Amino acid sequence: MNRIIIFFFFFTLNANSQEMYDLLSFEDEPKQVKSIFKTTKIVNGHSAKLVNNGDLLLLIQHRFGPLNSGSYNFYGLDNAQVRIGLEYGLSDKINISLGRSSFLKTIDITAKASILNQFHNKKSSFKLNYLISIFLKQEINMIDISEQLSYLHQLLLAKKVNDKLSFQLTPTLVHYNYVNDGQKNDKLAIGTAFRYKINNRVSFNSEYFFQFHNTNESISPLSFGFDIETGGHVFQLHITNVPAMFEKAFIFENYESWADGDIYFGFNISRYFTLK
Amino acid sequence: MKKVFVIINLFFFSCNLSAQKFFTENAKITFFSEAPLEDIAAINNRVKVVFDESKNEIGFQLMIKDFIFKKPLMQEHFNENYLESDKYPLSRFIGKLSKNKQDYVAEGKILIHGIQKKIKVKGNLVKDKSKIILRAEFDIMLEDFDVKIPKIVMYNIAEEINIKVYAELNSLNE
């Protein structure tokens with residue numbers, strides 16, 4: 001009899017403690033995965049990361065000459081070309097950016113939109129962004145601008161696999177308004193990239209774009225880099241076989257290869273400003 | 001017959017034991033870091049609190065990602081580099097409330113950044129019909145919870161963080 005009383009007593013005590021934990025639970029909350037990439041570029045290509053609402057990103061990309069240009073050219077360090085860009089967060093889901101590369105004197109205007117996000121409690125979820133760019137090549141005589149225009153469409157599919165590893169797949173389409181005989185106006189490629197987190201502030205990135213129907217025998221870009229983050233800056237140090245820093249040129253118009261020693265060392269500096 | 005009578009009474013008695021519970025899912029917790037170069041402040045308005053009056057047991061739980069900063073970049077760094085909220089999404093305190101003359105003291109374990117520590121927090125409790133209002137303030141040391149501050153931002157982030165709690169709990173009747 002006493003045993004029954006004690007049993008009831010303990011039963012109710014335990015039931016109440018469990019109830020307390022249940023009330024405090026956040027089990028049903030959608031937990032969005034953050035920090036898939038540290039900044040908006042992996043090495044050459046765009047990452048699935050967006051600039052926050054109201055933030056402005058100043059991106060200075062610097063690339064030296066090729067390593068095989070000999071000691072007279074200080075193994076490439078004597079020459080350098082730059083892309084300067086500004087990226088702005090119109091909202092948490094939409095970014096716009098403007099940039100210009102000194103190599104091939106091309107202006108790029110980009111819009112990036114967030115479509116899907118990755119969630120911790122949904123194993124099959126992934127981050128998806130859509131990106132479009134317009135490239136305008138500056139010529140001395142800008143008579144027929146439409147001939148100097150080309151367009152980029154990309155889907156940025158990224159997934160943080162675990163604490164240390166993130167992947168991205170980037171189906172890419174570039175449309176040329178004007179091509180030479182025998183060339184297609186539309187070129188397709190798919191980018192593959194990964195980021196490995198060495199610690200909270202340093203990561204190792206790698207990127208490769210695979211071309212489809214490579215009719216002009218452009219050599220695909222293979223790049224490796226380190227991201228180092230300090231406060232409001234992200235420094236990216238990298239090596240790659242492409243001198244150009246915008247998709248049209250670095251994927252489809254490259255004739256530099258690793259095998260020939262056409263290795264370009266460069267660095268990107270991302271500086272974030274909060275405008276509001 | 002007597003046995004059944006006792007068992008039925010016990011049953012109702014145990015039901016009553018759970019009547020004096022208080023709950024909210026919108027308590028506020030703020031933290032503040034004062035350092036020579038920068039003041040950092042954030043607020044979390046989605047803190048869940050449960051208070052079991054019959055056992056003087058109190059529990060708080062919050063999601064780190066619900067701390068709101070003025071600067072989104074600061075919020076991003078807080079989550080990604082310092083508190084690593086992808087790894088440790090929750091923070092909580094479970095303990096017992098006791099009264100010492102005019103002061104109330106909550107004594108129990110606090111979990112921050114995956115590390116649990118015993119703490120004692122002084123606070124205030126006011127009961128108003130079926131509502132309880134809780135207030136508390138305490139300090140924590142970041143190093144106690146393995147939150148690392150790199151030397152480069154030493155003058156931007158304080159080692160000691162001031163935390164303030166405010167909760168309005170409503171009674172839960174089953």
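Student: Which side chains does the salt bridge of E29(A) join?

Tutor: A salt bridge is a side-chain nitrogen of Lys or Arg within 4 Å of a carboxyl oxygen of Asp or Glu. Here E29(A) meets R46(B) at 2.8 Å, N to O. The rule finds four salt bridges across the interface of chain A and chain B. This is a predicted model, in which local features need pLDDT of at least 70 and side-chain atom pairs count only at pLDDT 80 or more, while totals for chains, interfaces and linings use all residues. Residues are numbered from 1 along each chain as its sequence is written, chains are lettered from A and ligands numbered from 1 in the order in which they are written, and side-chain values use heavy atoms, leaving out hydrogens and water.

Student: How many residues of each chain are in contact?

Tutor: Contact means heavy atoms within 4.5 Å. By that rule, 39 residues of chain A are in contact with 41 residues of chain B.

Student: What area is buried between chain A and chain B?

Tutor: Buried area is the accessible area (1.4 Å probe) that two parts lose on being put together, summed over both. Between chain A and chain B it is about 3,600 Å², and carbon and sulfur atoms give 61% of that. In chain A, the residues that lose the most area to chain B are M20(A), L24(A) and F26(A), together 20% of what that side buries.
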